[in-house]
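Visitor: Please take me through this structure, one topic at a time.

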Amino acid sequence: MGWGTDMRRLLQRWQNRLPSAFRQDRRTAVLLFAMLVIALLLGLAEFGQYPQAPWLFLSTATVFLALLFAVQRGLPWAVAIHSATATAALVLLHLIWTSGGVFSPRLGWLMLLPLLPFYVVRPRAGWLWAVLVLLMQLGMAAASYTGWVPMVQAQGQPVLSSWFTFSMVSGALILLPMLYERLYQRAMRESREHGRQLELKRQELEHTLQMRELFMATVSHELRTPMNAILGFNALLMSRVHNKPEALKVLQHTSQSAEHLMTVINDILDYSQLQAGRLEIHPEVIELRNVAQNAFDVFLPRVQNTTLGYRLELDPELPTWVHTDRHRLMQVLVNLLGNALKFTHQGEVVMRVQWENPGVRFAVCDTGIGIAQEQQSRIFSRFSQADLGIHSRYGGNGLGLAISRQLVHLLGGEMGFESELGVGSRFWLQLPLQACAAPPRRPSARPEVQTAEFPWRFLLVDDHAINRLLAQQVLRAAWPKADIVEAADGQQALDRLAEGSFDLVLMDMVMPGMDGIVATQRLRSTLPLPGRQVPVLGLTANVNPADLEAFQRAGLSGLMLKPFDPAALCARVEQLLLQRGG
C-alpha cells in the first residue's frame, strides 16, 4: 500500500508539471498513449522490415508530435483526435494494401481506431469510426477480390471468408468495450441517482431528528412551566396547613401525583438527551449511605399503611464517601424501587447495598409478579414493557429501565436482572466506586433568610401570570416589606428598569417578543450605571444545554430551573442580595 501511494504521489507531481492542456486525468492518459505510439513508430522506423518503413513511420510520428504541440497551443481535442485517427487509418490502409489486402493480418489493427474517439471525444464519434472501419474492411475485400491489390489474385470465396472473419472479429472487439462503456455509464447514473436519494433520505432523517429534539424541548418546557406553579403552590399550602392533618394529607397526595408527572417529563427529556449524546455526568464526593437512605425514604409514605415488607440493608463495610454523580445514582435507585413497589402486592421489597472491594453492588429484590422468560429480552427496550397488559394495569411509560441502564453505563457500571414469573425479580447494578476522603465542609446551600425586614425592590419578569403569582407569593412570604414589580416580557422589563432602580431581577428565558436572553444582554449593555450591575437571577423551564449556556453568557448572576423549590429560591435570592451589598 505504501508503494502504491508513493507511485500515485509521483504521478500526481509529474501531472502537475505538464502543460495545462494535459493535466486532466483522461488527457494525461491520452498523452502517455501518444508518447508510447510515437516511441513504437520510431522503433519501427529504425528496425522495421518494410522498404517504406523509415519515411512512413517517421512521418507518422512527426504528425502525432505536431498534433500534441497544436493541442498545447490551443487546438481543440476533438480535432486532434480525429486527425490522429485519420492519420493512423491511412498508414494502416497502406500497410494492409502492400501486405496482402484482405488476407493481411494487419487488417485487425483497424479495429483499434474507434476506441480513442469513443472514450476521449464522445461515444457518437466512436460509433462513426466503427462504421468507417467496417467500410474500410469491405473496400479492402472488394479490392482484393478484383485483383487490384498487389501480390493478390482474385480468390472468390476465400476473399469473402477472410473479410467476413475480420469484420466479425472487428465488430465484436469494437462493440464489446463500447457496450461495456454504455453499461458503465448507465450504472454510474443509477449509482449517482441512488446516492442522491440516499443523501435526500439522510437530510430528511437529520431534519426529523432536529424536529424531534425541538419537539422534545418544546413539550418539556411547556409541561414544566405549569408544573412549576402546581408544585410551588402546593409547597406553599403545605407550609401553611402543617397543623391540619386532613388538608396536609390531601396536599401530600397532590404532591406525589405532581412528582410522578415530573418523573415522566424528566424521563422523556433524559431519553432525548441520551439519544443526542448531550447528557453528561457530573461526579462529586457523596456520602453513599445517605444517598441510599434518601432513595429508600422516598417511598416510605407509600408503604406505611400497607402490609408490604420494605427494608434497606447496608453492608457495614461500605465506604462512607465515594466519587460519583449523586443525582443520577439517586435517579436509578428511585426508579428501581418504584418499579419494585408498583409490581409487588404482597411479600416484601428489599434494597441491598454491598461493598465488593472494589466496587459497590446495589440490588433491589421483590416478591412481585415477576417477568416471563420470553419477555425478558425486551425489558430494557425503550417504550417497552414486558407485557402489553402491564401498561393498562400498572401505568408507566416504558422509559425508566432503558434510561436507568444507559445512566449506569455513563457512570461506568453494569446493570442486569434475574426474574421468574410469579416469584419475583432482582434488579442489580455494579458501579466501580472507590472509597475517598471526605469533602471540605461548606456552608449550607439553603441559609435562613436574614434580611426579612429589608424593603428590597424586586422586578419579576415572566410571560405566565400564574408563575408571576407564585414567585410573588414566595418572595412576599420571605420579605413582607418588599416592593415587587411585574413585567410580562423583556421589553417591559427594560422599560421598568429605565423608570427606577431595583435590587434584583428574576428573569424568565422563553417569552414572546423579547426573550430573557436578549433582555439580559441589553440590560447589561445599554442601561446606565449602576442599573446595569443589578443582579439577574434566571428562572426557566427550558433545560436545553445550549440555550442555558446562551442565557448564562447574556449576563446572569445566577440560574435556577423550574419547577423550583421555594426555600431554595429564597436562599439563592438572598445570597445574590448579600453579595451585592457586600
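Guide: One term is needed first: a polar contact is a pair of N or O atoms within 3.5 Å; within protein, one of the two must be able to donate a hydrogen and the other to accept it, and residues adjacent in sequence count only if both atoms are side-chain atoms. Helices (H or I, at least four residues) and strands (E, at least two) are DSSP runs, numbered from the N terminus. The model is predicted, so local features need pLDDT of at least 70 and side-chain atom pairs count only at pLDDT 80 or more, while totals for chains, interfaces and linings use all residues. Residues are numbered from 1 along each chain as its sequence is written, and side-chain values use heavy atoms, with hydrogens and water left out.

Visitor: Which backbone nitrogen does aspartate 515 reach at the start of α16?

Guide: A side-chain oxygen of aspartate 515 comes within 3.2 Å of the backbone nitrogen of isoleucine 517.

Visitor: And which residues of α16 are buried?

Guide: In helix α16, residues 516-526, they are Gly516, Ile517, Ala519, Thr520 and Leu523. Buried means under 20% relative accessible area, exposed over 50%, and partly exposed in between, with a 1.4 Å probe and protein chains only.

Visitor: What covers them?

Guide: The cover includes α15 (490-499), β10 (504-508), β11 (536-540) and α17 (545-553). Contact here means heavy atoms within 4.5 Å.

Visitor: How many helices and strands does the protein have?

Guide: There are 18 helices and 12 strands. Of its 582 residues, 42% count as buried. Among contacts between residues at least 6 apart in sequence, 69% join residues at least 24 apart.

Visitor: Now the sheet: in what order do the 5 strands come?

Guide: The order is β2-β4-β5-β7-β6, in an open sheet with mixed pairing. Two strands pair if DSSP finds at least two bridges between them. Because β2 (309-314) and β6 (414-420) stand at the edges with a single partner strand each, one side of each has no neighbour in the sheet. Neighbouring strands are turned by 10° against each other on average, direction ignored. Angles run from 0 to 180 degrees between N-to-C directions, and axes are lines fitted to C-alpha atoms, for helices over the stretch in contact.

Visitor: How many bridges join β5 to β7?

Guide: Strand β5 (residues 360-366) and strand β7 (residues 424-431) run antiparallel and are joined by 7 bridges. Valine 360 has leucine 431 in β7 as its bridge partner.

Visitor: Which strands does α9 touch?

Guide: Helix α9 (residues 288-297) packs on the sheet and touches β2, β4 (348-355) and β5, its direction making about 175° with that of β2. Helix α13 also packs on the sheet, touching β6 and β7 at a direction of about 140° to that of β6.

Visitor: At what angle do α11 and α13 pack?

Guide: Helix α11 (residues 326-342) and helix α13 (residues 400-410) pack at about 145°, and their axes are 10 Å apart. Arg328, Gln331, Val332, Asn335, Leu336 and Asn339 in α11 meet Gly400, Leu401, Ile403, Ser404, Leu407 and Val408 in α13.

Visitor: Where is threonine 451, and what does its side chain do?

Guide: Threonine 451 lies in the loop between β7 and β8 (457-461). With a relative accessible area of 4%, threonine 451 is buried. Its side chain makes polar contacts with the side chain of tryptophan 456 at 3.2 Å and with that of tryptophan 479 at 2.9 Å. Leaving aside neighbours within four places in sequence, threonine 451 is in contact with Trp456, Trp479, Glu574 and Leu578.

Visitor: Which peptide bond at proline 358 is cis?

Guide: The bond from asparagine 357 to proline 358 is cis, with omega near 5°. Another cis bond runs from leucine 529 to proline 530, with omega near 0°; proline 530 is in the loop between α16 and β11. Most residues other than glycine have a negative phi, and most peptide bonds are trans.

Visitor: Is asparagine 357 buried or exposed?

Guide: Asparagine 357 is exposed, at a relative accessible area of 58%. Its place is in the loop between β4 and β5. Phi of asparagine 357 is near 40°, a positive value in a residue other than glycine.
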